[in-house]
Amino acid sequence: GDLRSVLITSVLNLERLDVDLFRCAGPLAPGHRDRAAFPRLFGGQIVGQALVAAARAVRPEEQIHSLHCYFVRAGDPQVPVLYKVERTRTGRSFSVRSISAIQHGKAIFTCQASFQLSQESPVQHQFTMPSVPPPEDLLTLEELIEKFLKDPNLAENYRKHLHKIQAEDVPIEIKPINPPDQFCLEAQEPKQLLWVRARGHIGETDMKVHCCVAAYISDYAFLGTALLPHRQYRTKFMVSLDHSMWFHSPFRSDHWMLYECESPWSGGSRALVQGRLWRKDGVLAVTCVQEGVIRVEPMPTHSNL
């Protein structure tokens, strides 16, 4: 409960090198213990760190309302990332910051983030949050994996896959709602619902901090939503191309939020996913959209049972 979230102390902690120039604190992509098994930086880490850099280049009273990113090159988890911020515009109500993430002298990621001074308006509406069981009634992802591993008939290749997931030191708590059967190849609707929150305590702080954490959380398992109708295939390659977020209402990223994900389209080795982060009280906090590359191959027909 009172342990400080690693997302604040390590994952999203940047060192200031100069005015509007920052470097991530550690060389290894947080969340992954095995460099060989995870040769790329996690996209959510890059988005979250870029937003941290941008937030340090605006007035304290300005809050992030949107960001639009492109993943240009694969990130190397064995070297630090430099974040260079350009103060594109500082207006009376809105400010725009452009961020480049750099490794080996080349941009691996570009982002534009827009910040706004608080303004009231009578024009307000939102969708209705889906009706789902509360997080207290559901198993965590770790508990679900333990449940699967107790099955004596579990095929060895699936067992190895689950142990690999267990080896990830993910700083997010996840409770899937109606989790898909990991070992069923039947097509499912491209939708999933997850309760998510940061591990550890963040507390009442600048809203920009919680937005940076939400940016990290938003990329976890997001693109995988598009694979649910195509479970007869095995994924060869899957990476994010771009990622956009809109921040609507204040929230706590260390409190449970419902992540509603759906994929309206896939084709041409690409897939589009949309997501909404809801507070437990039904307030829409964040909207996310991402497109990614997905390349697959047919699942082997032989059984390892």
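Trainee: Which residues in H2 meet which residues in H5?

Mentor: Gly-44, Gln-45, Val-47, Gly-48, Leu-51, Val-52 and Ala-55 in H2 meet Lys-208, Cys-211, Cys-212, Ala-215 and Tyr-216 in H5, where contact means heavy atoms within 4.5 Å. These residues divide into eight nonpolar, three polar and one charged. This is a predicted model, in which local features need pLDDT of at least 70 and side-chain atom pairs count only at pLDDT 80 or more, while totals for chains, interfaces and linings use all residues. Residues are numbered from 1 along each chain, and side-chain values use heavy atoms, without hydrogens and water.

Trainee: Why are H2 and H5 called roughly antiparallel?

Mentor: Helix H2 (residues 43-55) and helix H5 (residues 207-218) pack at an angle of about 160°, their axes being 7 Å apart. Angles over 145 degrees count as roughly antiparallel, and H2 and H5 are therefore roughly antiparallel to each other.

Trainee: What makes Ile-174 buried?

Mentor: Ile-174, found in strand E7, has a relative accessible area of 8%. Buried means under 20% relative accessible area, so Ile-174 is buried. Among the residues that Ile-174 touches are Leu-139, Leu-194, Trp-195 and Trp-256.

Trainee: How do you know that the buried residues of H3 are on the same side of H3?

Mentor: The buried residues of helix H3 (residues 141-149) are Leu-144, Ile-145 and Leu-149. They cover an arc of only 135° around the axis, which puts them on the same side of H3; the arc is that of the directions from the helix axis to the C-beta atoms. Their cover includes helix H4 (156-166) and strand E7 (172-177).

Methods
Axes fitted to C-alpha atoms, helices over the stretch in contact; angles between N-to-C directions. Helix = DSSP H or I, 4+ residues; strand = E, 2+ residues; numbered from the N terminus. Parallel < 35°, antiparallel > 145°, perpendicular 65-115°, else oblique. Nonpolar A, V, L, I, M, F, W, Y, C, P; charged D, E, K, R; others polar. Buried < 20%, exposed > 50% of the residue type's maximum accessible area, 1.4 Å probe, protein only. Lists of a residue's contacts leave out its neighbours within four places in sequence.
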